[in-house]
Amino acid sequence: MPATTIVRPSRESVITIRADGSRSFLHPADVRGRFARARKIAAAALIVFYLALPWITINGHPAVFLDVAELRFHLFGLTFAAQDLWLVFFVITGLGFSLFFVTALFGRVWCGWACPHTVFLDHVFRRIERWIEGDAVRRRALRDAPLSAAKIARRVAKHGLYLFAAATITHLLLAYFVSLPEVWAMVRVEPARHWGAFVFMVVATGVLYFNFAWFREQLCIVICPYGRIQSALIDDHSLVIGYDAERGEPRGKNKAGAGDPALQRTVGDCIDCNRCVQVCSTGIDIRQGLQMECVGCTACIDACDEVMDRLARPRGLIRYDSQRALAGGRTRWIRPRTLLYFGLLLIGATVATWALSTVRPASLGVTRMIGAPYVIDATTVRNQFLVRLVNKRNTPARFTLTIMGAPAELRVVGFDGEVEVAAMGEVVHPLVLQQPRLSYIAPFHLVVTVRDSAGQYQLTRAVEFLGPEARLLREEEKERREKR
Ligand code: SF4
Ligand code: SF4
């Protein structure tokens, strides 16, 4: 592999792509400091959270379980059937507006602190790399060293551990879709018994391995859509990680005239040590201003604070601040953009709360049977429906059906007594409504109501009873009588 020579590109180019289009693979230096410590704690908590969710059981199901076999989605005790899919729209838009709001206020705080890609890359895969191959200097030396048994051994160990980590993440990811006991059962039998899941596991492990072993920061720079819309979401008042050029420039190694106030401003606080660039996980120089590639990882803050500590100068030459404040102005937290995003967030949260409150442990569907909308025989007008009951709980449930708003003469056939629906099961039952011909006057509306036997909830569906024009029925009846 050729040596990494980071040539400062123009602002329009990506720093990790060389002029000939080849990749410049980064080896960010290690960094210590308050933000590195805080991110480590946050990452550990998040990794435990991501990995623990399939193990936590609420109402008999994993806390987050997208049951693809049964087409059910279990989310912290709530169960959604395929019919509840419309709720996903509100959940996604709610999350989208929350992210807009947070980004307008705090920039890429999500990317730097909570995105699963950053968390696993910085705190699992880069850690493995550092453990096997050493710090950035050693890693570069190993990269440039000729092939040897020691080099091969380190590379095999590193990539073996990468594959193991990628496979572990994939299996836990699979548990979100088929449950942990099912994953465990699949692991213990040959792949031929579950080809679909096996192929998913192999492909997902390969993709994760490729991403975390090689692609890395390119995902944030080139692919992630959230990264691409940053410039539209933030403004001069959003919190970003920035360099205080007023304080740092002009750069220089020696603070000329130390002790002589007249000369002190000849050189700024930045000693041009390049430490902030060496630690950057996307290889950029934050001193050139805010750039799309900055994922807000805070490494440059810690690196520069360490330098300032050694020089006995105040910390914060690189810091969390708004671009307005870095330029000497004041940050405004309340502004049209944040108010708009907050308003949209509130609307989304209200609608999502309402939508979630409508979710019941069962669902009811009433559809008219295929064919003629009504049937007429010698004595009645008949409407035929199919009633579909889905039980979303993991215990059997019993239901009774009543028709509300029906004329006294209406006869209900096909749904007598209680109907039992198995745990997580579904029943499709015919429902026939008969109205005597002579009492039928015009189409009318009814409400099909289903109650669970425990009396905890009821489900309703409005339907319309259809029939011919009453005048035609009367004329037909008159003709029949005359024939007799
Ligand atoms: S780490 Fe600080 S002092 Fe060193 S180059 Fe970066 S901004 Fe300047
Ligand atoms: S500029 Fe700083 S915060 Fe941004 S990616 Fe580089 S090191 Fe992380």
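Me: What makes the crossing in which α2 passes α16 left-handed?

Reply: In this predicted model, α2 passes α16 in a left-handed crossing, a term used if the near helix is turned anticlockwise from the far one by less than a right angle, and right-handed if clockwise. Residues are numbered from 1 along each chain as its sequence is written. Local features need pLDDT of at least 70, side-chain atom pairs count only at pLDDT 80 or more, and totals for chains, interfaces and linings use all residues.

Me: Why are α2 and α16 called roughly antiparallel?

Reply: The axes of α2 (residues 86-106) and α16 (residues 336-357) cross at roughly 155° and come within 8 Å. Angles over 145 degrees count as roughly antiparallel, under 35 as roughly parallel, 65 to 115 as roughly perpendicular and the rest as oblique. The two helices α2 and α16 are therefore roughly antiparallel to each other.

Me: How many helices and strands has the protein chain, and what makes it more spread out than a compact globule?

Reply: The protein chain has 17 helices and 16 strands. Its radius of gyration, taken over C-alpha atoms, is 33 Å, well over the 23 Å that the globule rule gives for 484 residues, so the chain is more spread out than a compact globule. That rule is 2.2 Å times the number of residues to the power 0.38.

Key
Chains lettered and ligands numbered in written order. Axes fitted to C-alpha atoms, helices over the stretch in contact; angles between N-to-C directions. Helix = DSSP H or I, 4+ residues; strand = E, 2+ residues; numbered from the N terminus.
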